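Open the model in your viewer and keep the selection tool at hand. Each stop below says what to select and what is there.

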Amino acid sequence: MLVTHSADGVTTRSTTQSERLTVSEAKRPTRTTPTRRVTATLRHTALRVLAQALNWQRLRDPNLDYILITLPTQLPALPEPRGWLRERVFGPAPLSLVDLERMFRRVAADPRAQGVVLQLRGLAMPLADLQTLRDIITRLRDRGKQVICYAQNYSLADYYVAAAADQILLQPGGDLMTLGLNQQAVFLKNALDSIGVSLDVVAISPYKGALDQLALETISPEGREQLEWLLDSRYGMLLDGIAAGRGISREEAERLIDTAPHLDTEALEAGYVDALVYEEGLSAHLGAAHLQVPQQAERKLIVKPPAVNTEKYVALLPIMGLMVAGESGSAPGEIPVPFVGADRAGDLTVVQQVRQLMQDKNAAAVIVYIESGGGDARAAAAMGAALEELAKDRPVVVYMNGVAASGGYWVATPARWIIAQPGTITGSIGVVTAKGITQGLRDRLRLNVIEFRRGANAGIFSDMRPFTDSERAKIRAGVERVYARFIERVAASRALSAEAVDAIGGGRVWTGAQALDNGLIDELGDLRTALNKAREFADLPEGTPLVLFRGKGKPLPPQLAALNPAAMLRYARRNLMLIANGRPQTILPVWIKQSID
């Protein structure tokens, strides 16, 4: 692996140019001059010579068969940038899906490597990420390498991924806990009533149930209908993936799930696993004399010389978290409460990043990476407007990861092409607003608050009472106005009529596969699919690198403030205020579960 240091101190690790995903700090673009071009050519040539010399030396060592990779419970989709100091203090960044594919591509390019062994320890990831992991496995197998999955026990998520491999190995005494999908929706209205708190909600339709858990006693008929079609779609994906990977029928895959759990010997006899092996017996089972861990393989795998000498690149712009008016931010610790514990995607931060990209002509195309269930409609509109200007200047491709719904869909509309995984949660084209009512809590605490107002509607957002009929009419008009703009934007982007968008909108949530059928996206695939499409649109060669774009002044990492309870409470309180403020929100229901256990 080649390690380079840029002039601004950012460390980037690169292997082959065609697989590179570097981490770059947003900086003022530099003008290309003849001197810079000559310098870049010389550097490119030197890197090729160094890579060839290094590979000649490494290929002399024949001791490389399989690489044993233990996958953590969760793999973030994108790499986490860590400078020298943070690595020394907190250790290496967690393994990401991009990191894993980078290693797989090196394995594929090395003639000595036979393949990889993935040790699964209970994956708990969004279905879209599991599908990306399966795509990465499939690409390695397509290059002629073996992929073996090994585990002490297999959950449904583990088995879904393992079904994409050549072999599924189980430790003796283990079992298959492929128990299907189970989801709960918890409703808090009665609990809130008991302390004198309620929520007054105005939604564009009953399908826009982003706040139903706080405002209703139980699930609405529309919410139930929506949850059923989402579960049907996701369950069908799991069945089809298992059936295709194991070469069995869909009915047999369903039987595997319905008759679970399976003991080790039962699973072997039924053909659900290929062998019962202890970890110590992996080498013998594979006939491999040299089973390497990634740290060892890193020093042995060959590196591919950079294929392209170009200053052009494809920028990857992430929009992740709750959309808010203001700056982006990360929670100072884990706050397991919907909305209030979410990272923030601030419109000020994202808009400035887009503007910086517009000034950098070397960013020949942009992939907008969306991992957001929406938030403040104004913030989504501001981000969307900036991206619309960017799309006039160069190709913009959107990749939707685990969730890109409501406001997350709004910011996707400027794209020339939208790509999502089949299991991505998207849609939710709708608007909702609410305000909290806390007068009952004040009464229980014997607090007496007296309001003084000037202006007929000065108390419209007062938390002492619900909306009056006239106030509700005004709030409803605002919600309908934002929804009309949302519909117009989607209709123009997707070449659909407003009536057609409304029929699949109104807050309805879809999987990526359903969104494709409904015309809301263009293609199913992963980030690699988006990169290929961006290169195609910008007429860039295959080796053009993908650069993760992060602006200056990015938020303090959670680890640095994780021990500050006061900071966590302030963050949660601020997020709650940003949601329940009476303003229109384009936000996804909290009961839509992404992860598969």
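Salt bridges come first: the count is 22, where a salt bridge means a side-chain nitrogen of Lys or Arg within 4 Å of a carboxyl oxygen of Asp or Glu. This is a predicted model, in which local features need pLDDT of at least 70 and side-chain atom pairs count only at pLDDT 80 or more, while totals for chains, interfaces and linings use all residues. Residues are numbered from 1 along each chain as its sequence is written, and side-chain values use heavy atoms, with hydrogens and water left out.

Select Arg-141 and Asp-166. They form a salt bridge whose closest N and O atoms are 3.1 Å apart. The pair links distant parts of the chain, 25 residues apart: Arg-141 is in helix α4 (residues 127-142) and Asp-166 in the loop between α5 (156-162) and β9. Helices (H or I, at least four residues) and strands (E, at least two) are DSSP runs, numbered from the N terminus. Arg-141 is partly exposed at 32% relative accessibility, and Asp-166 is partly exposed at 26%. Here buried means under 20% relative accessible area, exposed means over 50%, and partly exposed is in between (1.4 Å probe, protein chains only).

Next, select Asp-274 and Arg-246. Their salt bridge has its closest N and O atoms 3.1 Å apart. Asp-274 lies in the loop between α10 (264-270) and β13, and Arg-246 in helix α8, so the pair ties together parts that are 28 residues apart in sequence.

Now select strand β9 (residues 167-170). Strand β7 (residues 146-151) pairs with β9 in the parallel sense over four bridges; two strands pair if DSSP finds at least two bridges between them. Ile-148 has Gln-167 in β9 as its bridge partner. Strand β13 (residues 275-276) also runs parallel to β9, joined by two bridges, and Leu-169 stands opposite Ala-275 in β13.

Move to Arg-112, in the loop between α3 (97-109) and β5 (115-120). Arg-112 is buried, with a relative accessible area of 14%. Which residues does Arg-112 contact, leaving aside its neighbours within four places in sequence? Among them are Arg-58, Asp-61, Asp-65 and Lys-300, contact meaning heavy atoms within 4.5 Å.

The last stop is the aromatic rings. The whole structure holds six aromatic pairs. Rings of Phe, Tyr and Trp (its six-membered ring) pair if their centres lie within 6.5 Å; planes under 30 degrees apart count as stacked, over 60 as edge-to-face and the rest as tilted. Select Trp-417 and Phe-537: the ring centres are 6.2 Å apart and the planes are at 70°, so the pair is edge-to-face. Trp-417 lies in strand β21 (residues 417-420) and Phe-537 in helix α20 (residues 527-537), so the pair ties together parts that are 120 residues apart in sequence.

The charged end of Arg-416 sits over the ring of Phe-537, 4.7 Å from its centre, and that of Lys-533 sits over the ring of Trp-417, 4.5 Å from its centre. A charge sits over a ring if NZ of Lys or CZ of Arg is within 6 Å of the ring centre and within 35 degrees of the ring normal.
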